[in-house]
Amino acid sequence: RDRYRGTGSGSDRDGGGGGRGGGGERTTFVPAPPPPLTMPGGPRPSYYTCRHTYEETLMDEIERAAALEAAATSASSDGGGGGGGGGVRCTSPYPGLVRVVSRDDGGDATSCLPLGSRHDPVYALQTLPDAVIVESESIKGLAREAARALLGSSSGDGGPASGGGGIVAEDGRAASDRSDLRRAPRGSLSIHALVPGMLRGQPDPVMKRRADRVADEIGAIVRRGYAAARAPPKKNQDVDATKHHVKAGGHAKRDGHDDGNDTEEGTGERWVLQLLLLSPEVAAASLTRCESPWPDAAAAAAAIADDSDSLAASDDASFMSWPNWDLPGGLANVDIVERMPSSAYRKLLEAFRCLRRRPPPLSIPPYAPPPPMTDPSSWVVDLGACPGGWTAALRLMGCAVIAVDRTALDVDLMEDECVKFVKGDAFAFEPPWVQRRADDDRGR
């Protein structure tokens with residue numbers, strides 16, 4: 001099992017688990033001991049993913065939010081005082097992963113956080129709220145234990161209510177989730193397979209193939225009893241298979257799925273089942289209905305859907321959901337194989353991917369001259385564009401770009417007819433259509 005151990009820097013606020021070395025030397029990451037298995041009705045931890053090296057920042061953010069929530073709860077009940085770090089304990093068992101548990105041995109971590117499972121920290125990429133910890137030596141055993149712990153004895157596997165890993169699957173939460181998931185529309189369940197190495201950007205992380213197989217088995221189990229796990233009819237059958245795939249013998253959407261296809265009933269309801277393989281024999285699994293962390297999400301989604309002048313709107317509001325239904329681990333695949341002027345384009349593409357919105361491509365015939373710069377619907381403005389990473393990414397999307405900077409862009413972009421370079425201060429730039437509107441107003 002030593003080959004499954006990673007390297008990096010772990011962190012535990014209470015002194016256990018992975019530690020830090022002194023003297024500026026790189027330390028060898030030693031995973032924390034396996035978390036205790038989840039018992040029926042027992043407390044459930046929550047996990048958050050983040051960019052590697054931001055673990056401490058995320059833990060600080062979560063602890064501050066929990067402390068504020070504890071203070072507010074105490075004030076409302078006239079108890080006075082918060083205390084105890086807000087009632088949560090944060091650890092980082094792996095790089096890019098934060099584990100949150102309640103300091104109250106009988107409570108869930110989400111009960112200590114604002115909005116519960118919808119708590120959306122700024123530095124978090126994804127959350128696995130109210131996770132169950134299961135154990136089995138085999139792939140099918142892990143899938144069976146996870147399905148039973150999350151959905152109870154009627155998960156669809158046809159097995160007994162108690163599993164071989166010490167988990168008695170049935171409890172009140174599992175029964176409630178089972179009932180709600182049975183009513184969920186077809187195609188609304190997304191299954192994500194995760195391993196710690198993904199959070200460090202490893203192209204072929206250890207245990208990923210095993211995690212994929214466990215997720216496939218979970219999908220096969222759940223699909224037998226829940227329409228939500230079955231693939232919905234596609235609106236457009238001619239879709240890119242690399243982005244929209246549902247394995248025929250597997251499960252509902254996993255590890256890259258459609259960018260806005262509604263479910264069969266068009267309700268927009270979304271569920272995500274996440275499996276995080278902590279070791280070859282231990283996994284954390286979470287089943288959550290995706291909801292917006294913002295109370296006015298419906299109004300915001302409607303406003304965005306009506307906004308057709310600038311950004312292309314998604315045809316559903318799942319980009320506003322938390323946990324992220326679309327991206328496993330909250331990680332967007334934003335690598336471009338072509339030569340790019342800089343790597344800064346990844347930030348822009350990640351924002352587009354997470355929001356599920358992007359500028360519309362330029363709709364002109366090939367080799368036709370670009371539209372006039374006074375047309376705001378045809379141009380995207382890149383302020384501070386040098387050396388041109390964002391501009392190059394926008395051009396690959398088919399957009400026409402006005403690039404503003406004091407320094408010239410990459411030579412290929414400078415020769416592109418659909419890139420208009422404006423040399424000057426980005427803070428003082430005024431778009432041509434604004435100038436024209438001002439001129440028209442003065443003429444009247």
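How many aromatic pairs does the count come to? The count comes to one aromatic pair, where rings of Phe, Tyr and Trp (its six-membered ring) pair if their centres lie within 6.5 Å, and where planes under 30 degrees apart count as stacked, over 60 as edge-to-face and the rest as tilted. The ring centres of Tyr54 and Tyr123 are 5.6 Å apart and the planes stand at 20 degrees, so this pair is stacked. Tyr54 belongs to the loop between strand S2 (46–49) and helix H1 (55–76), and Tyr123 to the loop between strand S4 (97–102) and strand S5 (126–128), so the pair ties together parts that are 69 residues apart in sequence. Relative accessibility is 38% for Tyr54, which counts as partly exposed, and the relative accessible area of Tyr123, also partly exposed, is 37%. Here buried means under 20% relative accessible area, exposed over 50%, and partly exposed in between (1.4 Å probe, protein chains only).

The structure is a predicted model, in which local features need pLDDT of at least 70 and side-chain atom pairs count only at pLDDT 80 or more, while totals for chains, interfaces and linings use all residues. Residues are numbered from 1 along each chain as its sequence is written, and side-chain values use heavy atoms, with hydrogens and water left out.

The secondary structure of the protein consists of nine helices and 12 strands, taken as DSSP runs numbered from the N terminus (helices H or I, at least four residues; strands E, at least two). Of the 444 residues, 48% count as buried. The accessible surface comes to about 21,100 Å², and carbon and sulfur atoms account for 51% of this area; the areas come from the Shrake-Rupley method with a 1.4 Å probe, and for residues only the protein chains shown count as cover. Among contacts (heavy atoms within 4.5 Å) between residues at least 6 apart in sequence, 66% join residues at least 24 apart.

The charged end of Arg182 is placed over the ring of Tyr226, 4.5 Å from the centre. Arg270 lies over the face of Trp325, with 4.4 Å to the ring centre.

Some backbone features lie in loops. Thr53, in the loop between S2 and H1, has a positive phi near 90 degrees and is not a glycine; with 59% relative accessibility, Thr53 counts as exposed. Asp130, in the loop between S5 and strand S6 (132–135), has a positive phi of about 50 degrees, and its relative accessible area of 11% makes Asp130 buried. The peptide bond from Cys386 to Pro387 is cis, with omega near 0 degrees. Pro387 is in the loop between strand S10 (379–383) and helix H7 (389–396).

The count of disulfides (pairs of cysteine sulfur atoms within 2.5 Å) is zero. Cys90 is buried, at a relative accessible area of 0%, whereas Cys386 is partly exposed at 30%.

The mean pLDDT, the predictor's confidence in each residue from 0 to 100, is 77, and 71% of residues reach 70 or more. Over residues 237–266 pLDDT stays under 50, and the model has 95 contacts beyond four places in sequence for this stretch. Residues 307–318 also stay under 50, with 32 such contacts. Where pLDDT is low, the predicted coordinates should not be read in detail.

Note on methods:
Lys NZ or Arg CZ within 6 Å of the ring centre and 35° of its normal.
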